[in-house]
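Hello,

Here is the structure I promised to pass on to you. Please have a look at it, and then read on for what turned up.

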Protein chains: 2
Amino acid sequence: MDHDAAPGRYTPDEARALFRGGLSVPTAGWATGWAQANLLALPRADAYDFLLFAQRNPKPCPVLDVTEPGATSASVFAGDLRTDVPAYRVYRDGELVEELTDVSEVWRDDLVAFLVGCSFTFESALLDGGVPVRHLEAGSNAPMYRTDRECRPAGALSGPLVVSMRPVPADKVADAVRITARYPAVHGAPVHVGDPGALGITDLGTPDFGDAVEIRPGEVPVFWACGVTPQAAVMRSRPAFAISHAPGHMAITDARDAQYVVP
Amino acid sequence: MDHDAAPGRYTPDEARALFRGGLSVPTAGWATGWAQANLLALPRADAYDFLLFAQRNPKPCPVLDVTEPGATSASVFAGDLRTDVPAYRVYRDGELVEELTDVSEVWRDDLVAFLVGCSFTFESALLDGGVPVRHLEAGSNAPMYRTDRECRPAGALSGPLVVSMRPVPADKVADAVRITARYPAVHGAPVHVGDPGALGITDLGTPDFGDAVEIRPGEVPVFWACGVTPQAAVMRSRPAFAISHAPGHMAITDARDAQYVVP
């Protein structure tokens, strides 16, 4: 199967087969209608701290699924967690030591994998609602930024809130809020609209993760809580070992977007 | 302070002072406008299994707050968790060994306390919406039943779903659903309306916890997921030690009901 120009048409299985084969791309716009997820795998000994961190910070860390220790698939992810995500990051003592497309060699039997909701999940609803999504138009990764807002710590874990940003025409901001508020399990409504300085972001042109996007006249930067927040906590808190997805290179799940909509 | 006939007027502090003084009563109808919570305290070594059990069973186990190990108060509960709940149950190896009004003597420094949402929280909204609540009229505890529905297990914890029941006039059932659906953090919409047999409940007149209530002609039994579910999991799964509230004798929190309403 070749990677064609319409990745939105792939099923989760098809997309995961491509990634397992080595394709490594950001997944915004892929497998339309299927939820995407952030991955964080930690040793069982560190799992309580993260699950509590997520409970205390549900906006950036909405947990969709948690595996049994050592399991390589999940209820919402029938693929192989070690190979079927397009890119991974390996952290040792909080340092990013490797970016890999296959983590079979470093996977451990005591790892618990957390799948955390991703805002890519509501992007097709934004498009359907007439709200443009710049990084989809550009074919790039979404821009993500560390903020100066602290998450509530839990045990050994602390760190800043990370946000994704989408430039939205001023007359569509209310629509963007209304539409995304219906998806609390994939970050829900924006945490901030407008002035990036108020979040401690000094330059939208140099995101901490992902790619910068153009902000056109009449557009307002809108910020959503982001599932890279767990990685920022790993970097700050330095657990001995962790594996995550690479920002924007998500796990494509077997759950439908619609499963996470509230009426 | 004497316990008067209008406990709905108490503030959380006033109610907790009465309980600390030894008053032991079911708390339905108490401290109107303030959220009530189920309590489960487990050793830190067992806390991950319970937090994961809650994550996997959010309808019966919506976690409102989790304490640090050994802490005796919580973000949403400024009182003393060892004395300010009207009645406690102490479990050893899954057996209920004591019911106490003060657990200071058996509290341990490694206990993590979980506060789990309680459906008493939405009862004033039901009354405001014209839906009668029989156990409030009767001045009794709510009836609660083990069902034959299994929760998703987590680690060493498994157990059945427990439900509370309120008889609702047939023409008010839709209102009861609509109103309680707005409170997902305190069990939300009913899990079942009508036939108790379909939940494996053979006799509504003999609840597993709390008091039986009259079901009048034209009323339908309506079942909500119940925060006694964690106790049923303790009884089934037999962790070495656990402390809970006594069913219906809840922790009255410092959180407003309104804090848990979704628009």
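Let me start with a pair inside chain A: Arg238(A) and Glu95(A) join their side chains in a salt bridge, with N and O 2.8 Å apart. This links distant parts of the chain, since Arg238(A) sits in the loop between α6 (229–237) and β10 (241–245) of chain A, while Glu95(A) belongs to strand β4 of chain A, 143 residues apart. Both ends are partly exposed: Arg238(A) has a relative accessible area of 43%, and Glu95(A) has 40%. Please keep in mind throughout that this is a predicted model.

Arg89(A) pairs with Glu99(A), their closest N and O atoms lying 2.8 Å apart. Arg89(A) is in strand β3 of chain A and Glu99(A) in strand β4 of chain A, so this pair ties together parts that are 10 residues apart in sequence. Here the two partners fall into separate classes: Arg89(A) counts as buried because its relative accessibility is 18%, under the 20% limit, whereas Glu99(A) is partly exposed at 45%. The surroundings of Arg89(A) include Leu96(A), Phe209(A), Gln231(A), Ile243(A), His245(A) and Pro247(A), among the residues that it touches.

Asp93(A), in the loop between β3 and β4 (95–100) of chain A, has a phi near 50 degrees, a positive value in a residue other than glycine. Most residues other than glycine have a negative phi. Chain B repeats the feature: Asp93(B) also has a positive phi of about 50 degrees, and it lies in the loop between β3 (88–92) and β4 (95–100) of chain B. Asp93(A) is partly exposed, with a relative accessible area of 46%, and Asp93(B) is partly exposed too, at 45%.

Over all chains, the structure holds 33 salt bridges. One of them joins Asp80(A) to Arg82(A) at 2.7 Å, N to O, and Arg82(A) is partly exposed at 25% relative accessible area.

Now to how the two chains meet. The contact draws 18 residues from chain A and 18 residues from chain B. About 1,400 Å² is buried between them, with carbon and sulfur atoms giving 47% of that area. On the chain A side, Tyr48(A), Leu51(A) and Gln55(A) lose the most area to chain B, together 42% of what that side buries.

Three salt bridges run between chain A and chain B. In one of these, Arg44(B) meets Asp49(A), with the closest N and O atoms 4.0 Å apart. Seven residue pairs are in polar contact across the interface. The elements giving two or more residues to the chain A side are α2 (44–56), β2 (63–66) and β5 (111–117), and α2(A) provides the largest share, eight residues. By class, that side has nine nonpolar, three polar and six charged residues.

The same surface serves both copies, as 100% of the contact residues of chain A recur in chain B.

Enjoy looking through it!

Best wishes

Key:
Residues numbered from 1 in each chain as written. Chains lettered and ligands numbered in written order. Predicted model: local features only at pLDDT ≥ 70, side-chain atom pairs only at ≥ 80, totals over all residues. Heavy atoms only, no water. Contact = heavy atoms within 4.5 Å. Buried area = accessible area lost by both parts, 1.4 Å probe. Polar contact = N/O pair within 3.5 Å; in protein donor to acceptor, adjacent residues only side chain to side chain. Helix = DSSP H or I, 4+ residues; strand = E, 2+ residues; numbered from the N terminus. Nonpolar A, V, L, I, M, F, W, Y, C, P; charged D, E, K, R; others polar. Buried < 20%, exposed > 50% of the residue type's maximum accessible area, 1.4 Å probe, protein only. Lists of a residue's contacts leave out its neighbours within four places in sequence.
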